[in-house]
Amino acid sequence: MKRERSARILATLGPASSSIERIRALAEAGADVFRLNFSHGSHADHAERLKLIRQVEQELERPIGVLMDLQGPKLRVGRFAEGKVTLAPGASFRLDLSPEEGDVHRANLPHPEIFAALETGTELLLDDGKLRLRVDAFGPDFADTTVLVGGVLSDRKGVNVPGVVLPISPLTAKDRADLDFGLALGVDWVALSFVQRAEDIREAREIIGDRAWIMAKLEKPAAIEQLEPIVALADGVMVARGDLGVELPPQQVPVLQRRIVRAARAAGRPVVVATQMLESMITAPVPTRAEASDVATAIYDGADAVMLSAESASGQYPVEAVSIMHRIICEVEQDPAWRDGLEASHTPAGANTPDAICCALRRVAALLEPAATVAYTSSGFSALRASRERPVAPILALTPQIGTARRLALAWGVHPIPFEQVADVTEMVAHAASASVSHGFAAPGDNIVVIAGLPFGRSGSTNLLHVERIPG
């Protein structure tokens, strides 16, 4: 299943896409990685879906990545005596720790960490930003507020505190249990919700280790203020535009999306643009023109992947959504302006041997126009550094580790191929030529460019570049 595109598609599985027939159809339509959303579904549901993914992977003979998305902390008000209240603009409203049911004057907010982080003038957003409160006075167990934007507030609606770093771990007890389960299943990526600071990545890394790669979901304004440190510590990042758009004015989200994509590209971290990409296809067989343009914009910016959420998880047209996303990406990547944009937004390589080799790879590929570039990699490092350069030729990642191959399924331009370990450079080059031909990327007489690290098997040691003409 050779992909004729460089950007990847991440599709969420759910009630509309849980059979082996549907998962196979999604992969054939263009899904490269599947997302298991642990905010919904049982452990048994996710275990069954992962088992089916691996079955489809075997049938199609193509590595498929699996990303588990942790729910993260959910900050919510308590319940109301009558189920809901209507808050009028200008009214006073108290939030407190009392477990009593709320009314039009007060409500339970069972999160003392919020009160600990408040300042006078802090604004609280309720129900995805539909209501807005200003904090006038507060203590360790209460906040007296004025309603700035009123409306109906009902049981268990969410609370957002923009512009404030909350003293909350991104991993709840539920997340830790889910994480143990997912890692035991063998997921390839872990999407970490509610990231606010670089320390959140370190906390997750202590648990996950090298059993999976960590994707930081950037959905809080506080995370944007620590963007570069977070990107440096994570293995990948996700532009979680839904939650980001709740806490920030909508006009800022496109600007931040581009900033995040560029920061991730500069660091060589896979970056996913997510949320509402083809939202109308939950109920319609075709997207709006604006949605098609939204997907195209992410591809023009050089994002590694674009994501479908409810469109593929619970929508009426999951396969069609993947198919049209695939066609949009292909159309953009055939536009000469797309390559011009990638070149214009390219950032200089680092002053180290691996980046120097991959920078040379990019230049050699542009001059010689080889049929393929080949990165022989055990950890995935060489392939990711090559992907950072966005070379004109496809990147074949030959790896003896199936886990590495699955993780690399999310990376721009990388075609992961499980391959046996090699003993020396001669054997490696022969395998690279053989794989390039057998997988349909090259023919006898074509050039390929090979990079690797010597000695073999040592992560981060990319130090070899070799040009080979395939005999024939």
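The buried residues of helix H1 (residues 20–29), namely Ile20, Ile23, Leu26, Ala27 and Ala29, pack against strand E1 (8–13), strand E2 (33–37), helix H2 (43–60) and helix H12 (318–333), where buried denotes under 20% relative accessible area with a 1.4 Å probe, protein chains only, and contact denotes heavy atoms within 4.5 Å. Helices (H or I, at least four residues) and strands (E, at least two) are DSSP runs numbered from the N terminus. Just after H1, Gly30 adopts a positive phi of about 140°. The model is predicted, so that local features need pLDDT of at least 70 and side-chain atom pairs count only at pLDDT 80 or more, whereas totals for chains, interfaces and linings use all residues. Residues are numbered from 1 along each chain as its sequence is written, and side-chain values use heavy atoms, with hydrogens and water left out.

Three aromatic pairs are found in a search of the whole structure, a pair being rings of Phe, Tyr and Trp (its six-membered ring) with centres within 6.5 Å, and planes under 30 degrees apart counting as stacked, over 60 as edge-to-face and the rest as tilted. One of them is the edge-to-face pair of Trp189 and Trp213, at 5.4 Å centre to centre with 85° between the planes. This pair links distant parts of the chain, Trp189 lying in strand E12 (residues 189–192) and Trp213 in strand E13 (residues 213–218), 24 residues apart, and both Trp189 and Trp213 are buried.

Glu291, located in helix H10 (residues 289–300), is in contact with Met277, Leu278, Glu279 and Ser280 when its neighbours within four places in sequence are left aside.

Methods. Buried means under 20% relative accessible area, exposed over 50%, partly exposed in between (1.4 Å probe, protein chains only).
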